[in-house]
Amino acid sequence: MSGEQSFFTTTPHDHKINVPLFVFHIDILLLSLFALYVAFTLPRALVRLFQPSEILNGFFLRSGTSPAPPERSGSTRILKQADKIGRSGTVTRSNSNTRSQPIRSTSTRTNHSTRTLVDVPEDANLPDPFPAIVTPCARGSHKSRAPTRVPRWTTIIHPTFAYALNFRVFPGFTLGKFLVLLTYGVIMLYASLFSSSPFTDPVRTGYVAMSQIPIVMALAGKTNWLSWVCGVGYEKLNYIHRFSGRVVVIAANIHALGYLYKWSLHGVMRTQLDDPKYRWGLVALSAVDLLFACTLSFVQNRMYALFFRIHVIGVIVFLLATYMHFHTTLPYILTAVGLYVFDHLARIARTRYTTAWLTAEHSLNGGTTLVHVPSLDAGWRAGQHVRIRIVSDAWFGWWATWLVGRARPFTIAAASESGGMMLPIKAQGAWTRDLLRMASDAADARPAEKSPDTERGRGPTREVRIIVEGPYSGPGYTLYTAYSGAVLVAGGSGISYAMSVLGDMLQKHACGKSRVRIIEVIWSVADPDSLYSLLPELTSLMQPRASPHTPLSLRLTVHWTRASSHPPRVPRMTLPSGVHLCAGRPDIYATLQSVVAGVRTAYSASRSSSSDTPSGIVVGSCGPTSLIDDASRAVGRVSWADWKDVGGVESIEEYVFFPLPYVPYHHWL
């Protein structure tokens, strides 16, 4: 019996249901639920899109003209916990007549040991020995151009609700994601079982599998319209892509097994398989099962290149065989192909071919290559990443690299229009180790290919041609500068994310386009060598300029977590003001509480004005799953009273799946 005949006559219930129309309505239901989510995010989307500085960024890389920085305020100095920041921007110190002298902190606490000299009153009794840099307001009257913050709907309801959605079911997977997949799964069960049985009516699950093909393809692309509309990066929607792919696999296998079982009962297996369309069905089933087998963590962990190639070839074979098996699938297949073509055309439009300089830093995160692209200076948002390919020197190297080479994603470690793009790439994996080896051989390169990086005091750098694709992902509808306080948590090479966000906030702060009063940066590394290797870039960030709108308190605390018997590989030097080195794991909750107290203090003098209230605190994290989960738990521990006082606490987590699921592509400690 053919698929068309069984569709109408298999059961007494099926003649009442137009199955193609039914599964189409199931897709409409899924899109309606997605549209409902988009409606909740619409106010945040409008605020972000109407920001002049945000309209042109986040889509296409370009060569920008970095404006000359204004003179730095001479009033920037160190702030002790005894200091207070008033609304006017003035900084007052208690016990101002106390004689002070430079001393070295002698604290032996795990999280509070420092190697910097700080100017502390000799009789001061400060609970926090780590001073922060404070930049008061610049003189003169300037109208505020800071963005308006629209809180998330979970923030408006209650912190308990936000904490529940961010509760970790298992590492890296939240209760909110689980509820999304549960809803999706229930709808798929309804579509498969309503007035039907997979034992007597296997054709229904075939239609269900067919209906989900466009959704799988839509979520697979790096430039998919679902991500653009909802403001969530493609890698953060990857868990739905994997789940919908498994729905297709399960439904297709139930569909096939149902028919094979019926044919075996009636003894017509050989006769039915003589029909070409059923042979094509077996080809499609084999392709989709092979795709599923290659998505298993065992294969991805050890043979990612094989997984990638089979994924591409398998999808092509599956779509072609599905059409040959059942021509009714043509609209769904054409939709999937159209989404795939759109994704790749958009990638081509976002691709740039330019020159980059490689610098080897063997002491940074166990070996890192700094890739500097001076010709690309604008077009991205803080926290976004790009995908790169290094072009070979062979004939037609550009075309061969673009067509065959696999693009690898890395976070941009600089703000837009700040002197060029920089990508710290940790050496973990064959390709990144080869890149570090290439950068290490810069001294032996041809004279035309090398240049000393005298600006930051580094060694020789090597010139290469590079294909840059992006930018992708990022904070979505979140505007970091719309908050009153910020806590940036980074682990290992996740410092790329923190440097990008910090640079962007400081850049907008100097122009009066930021509401941020307090910034705390936490960086967890294996050993102190990583800090001193990146000190030239960090020193430039730790020199904020005065703002015509708000004062600013800035502090960077680096926590090293592994003891080593080897001597330091990087010479030790005095750390700049506001940078502190500590032993042990960071206490993110304690840092968040200090930011809450600082925001409350900064606004206490002007709380009577309804237009001058705290606009919330943002906690951005990028690093190992355990560190990100710690940051999420810290947000969940904030009390309801503190939540209301500061205007809510919201978190942002940056993940890119490379090469493993639930593991960020920044390769960690």
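In the predicted model, threonine 355 touches His372, Val373, Pro374 and Ser375, and also Glu463, Val464, Arg465 and Ile466, with residues up to four places away in sequence left out of the count. Threonine 355 is placed in strand β9, which spans residues 351-361. Its relative accessibility is 17%, and because the limit for a buried residue is under 20%, threonine 355 counts as buried.

Strand β9 is also part of what covers the buried residues of helix α16, together with β10 (368-373), β11 (385-390), β12 (408-411) and β13 (421-426). Helix α16 runs over residues 430-440, and its buried residues include Thr432, Leu435, Leu436 and Ala439. These residues cover an arc of only 100° around the axis, so they fall on the same side of α16.

Leucine 435 illustrates the packing of this helix. Leucine 435 lies in α16 and has a relative accessible area of 3%, so it is buried. Apart from neighbours within four places in sequence, leucine 435 is in contact with Leu358, Thr369, Val371, Ile390 and Ile425. Isoleucine 425 and leucine 435 are separated by 10 residues in sequence, and their C-alpha atoms are 8.7 Å apart in space.

The largest nonpolar core comprises 50 residues, of which Val23, Met188, Tyr207, Ile240, Val288 and Phe318 touch the most other members. At least two residues of this core come from each of the helices α2 (19-49), α6 (175-193), α7 (203-220), α8 (225-230), α9 (238-266), α11 (276-294), α13 (304-325) and α14 (330-349). Another core, of 41 residues, lies apart from the largest one and has Tyr483, Ala490, Tyr497 and Leu575 among its members. Within the largest core, isoleucine 240 is one of the residues that touch the most other members. When residues up to four places away in sequence are not counted, isoleucine 240 touches Val180, Leu181, Tyr184 and Leu219.

The structure contains seven cavities of 30 Å³ or more. The largest cavity holds about 470 Å³ of space. It is lined by 26 residues, and Gly206, Ala252, His255, Gly281 and His325 are the closest to its centre. Two or more lining residues are given by each of α7, α9, α11 and α13. Helix α9 gives the most to this lining, with seven residues. By class, the lining of the largest cavity consists of 18 nonpolar, seven polar and one charged residues.

Of the 14 residues that line the second largest cavity, Glu54, Arg381, Ala382, Asp504 and Lys508 are the closest to its centre. Helices α3 (52-55) and α17 (495-510) each supply at least two residues of the lining of this cavity. By class, the lining of the second largest cavity has five nonpolar, five polar and four charged residues.

Notes
Residues numbered from 1 in each chain as written. Predicted model: local features only at pLDDT ≥ 70, side-chain atom pairs only at ≥ 80, totals over all residues. Heavy atoms only, no water. Core = buried A, V, L, I, M, F, W, Y, C linked by side-chain atoms within 4.5 Å. Buried < 20%, exposed > 50% of the residue type's maximum accessible area, 1.4 Å probe, protein only. Helix = DSSP H or I, 4+ residues; strand = E, 2+ residues; numbered from the N terminus. Contact = heavy atoms within 4.5 Å. Arc of directions from axis to C-beta. 1 Å grid on protein atoms, 1.4 Å probe; cavity = no way out; pocket = protein on both sides within 12 Å on 5 of 7 lines; lining within 4 Å. Points joined across faces, edges and corners; volume = space filled by probe spheres on them. Nonpolar A, V, L, I, M, F, W, Y, C, P; charged D, E, K, R; others polar.
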